[in-house]
Amino acid sequence: MAECTRLAQDAAPDAELSVTPNEFGTETHALALVVATLPDLPSELSVCLLDKQTGAAQLSVPFQDLPDTLQP
């Protein structure tokens, strides 16, 4: 999941990051939840998708307007 961390750092260089991989993902892809937190701002939740064969990763844009029960 190092590639997911790198993408998150590039997207939010000043944020405190938490990258939580899904233990299993799918047969071809690994998944991780990425939470970026900046002082005095709400945390932002994104998803990282990692291709297990190529190592290529993609980071979603942050989810908007999450219900309170899903706030990171």
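The face of helix 1 that points away from its buried side carries two exposed residues, Ala-2 and Asp-10. Exposed here means over 50% relative accessible area, buried means under 20%, and partly exposed lies in between, using a 1.4 Å probe and protein chains only. Welcome to this predicted model, in which local features need pLDDT of at least 70, side-chain atom pairs count only at pLDDT 80 or more, and totals for chains, interfaces and linings use all residues. Residues are numbered from 1 along each chain as its sequence is written, and side-chain values use heavy atoms, with hydrogens and water left out.

**The two sides of helix 1**

- Helices (H or I, at least four residues) and strands (E, at least two) are DSSP runs, numbered from the N terminus.
- Which residues of helix 1 are buried? They are Cys-4, Leu-7 and Ala-8.
- Viewed down the axis of helix 1, the buried residues fall within an arc of 100°, so they line one face of the helix. That arc is taken from the directions that lead from the helix axis to the C-beta atoms.
- The buried residues of helix 1 pack against strand 1 (16-21), strand 2, strand 3 and strand 4 (57-59).

- A salt bridge is a side-chain nitrogen of Lys or Arg within 4 Å of a carboxyl oxygen of Asp or Glu.
- As background, side chains of opposite charge can pair when their charged atoms come close.
- Arg-6 and Glu-3 are three residues apart in helix 1 (residues 2-11), so about one helical turn separates them.
- Arg-6 is partly exposed at 35% relative accessibility, and Glu-3 is partly exposed with a relative accessible area of 28%.
- Another salt bridge links the side chains of Arg-6 and Asp-10, at 2.6 Å from N to O. Arg-6 and Asp-10 are four residues apart in helix 1, so they too are separated by about one helical turn.
- Asp-10 is exposed, with a relative accessible area of 54%.
- Through salt bridges that share partners, Glu-3, Arg-6 and Asp-10 are joined into one network.
- An α-helix has 3.6 residues a turn, so residues three or four places apart point the same way.

**The nonpolar core**

- What makes up the largest nonpolar core? Its nine residues are Cys-4, Leu-7, Ala-8, Ala-30, Ala-32, Val-34, Cys-48, Leu-50 and Ala-57.
- A nonpolar core is a set of buried Ala, Val, Leu, Ile, Met, Phe, Trp, Tyr and Cys residues joined through side-chain atoms within 4.5 Å.
- Helix 1, strand 2 (29-37) and strand 3 (44-51) are the elements that give two or more residues to this core.
- Leaving aside residues up to four places away in sequence, Cys-4 touches Val-19, Cys-48 and Ala-57. Contact means heavy atoms within 4.5 Å.
- In soluble globular proteins, nonpolar side chains tend to be buried together.

**The chain as a whole**

- The chain has one helix and four strands, and its elements run α-β-β-β-β from the N terminus on.
- The chain's radius of gyration is 12 Å, close to the 11 Å that the globule rule gives for 72 residues, so the chain is as compact as a globular protein of that length. This radius is taken over C-alpha atoms, and the globule rule is 2.2 Å times the number of residues to the power 0.38.
- The C-alpha trace spans about 40 × 25 × 15 Å along its principal axes.
- Of the chain's 72 residues, 22% count as buried.
- The accessible surface of the chain is about 5,200 Å², and 54% of this belongs to carbon and sulfur atoms. Accessible areas come from the Shrake-Rupley method with a 1.4 Å probe; for residues, only the protein chains shown count as cover.

- Asp-14 sits in the loop between helix 1 and strand 1 and is exposed, with a relative accessible area of 67%.
- Asp-14 and Pro-39 are 25 residues apart along the chain, and their C-alpha atoms are separated by 9.4 Å.
- Where is Asp-40? Asp-40 is in the loop between strand 2 and strand 3, and at 81% relative accessibility Asp-40 is exposed.
- Phi of Asp-40 is near 65°, a positive value in a residue other than glycine. Most residues other than glycine have a negative phi.
- Pro-62 lies in the segment after strand 4 and is partly exposed at 26% relative accessibility.
- Setting aside residues up to four places away in sequence, Pro-62 touches Glu-44, Leu-45 and Ser-46.
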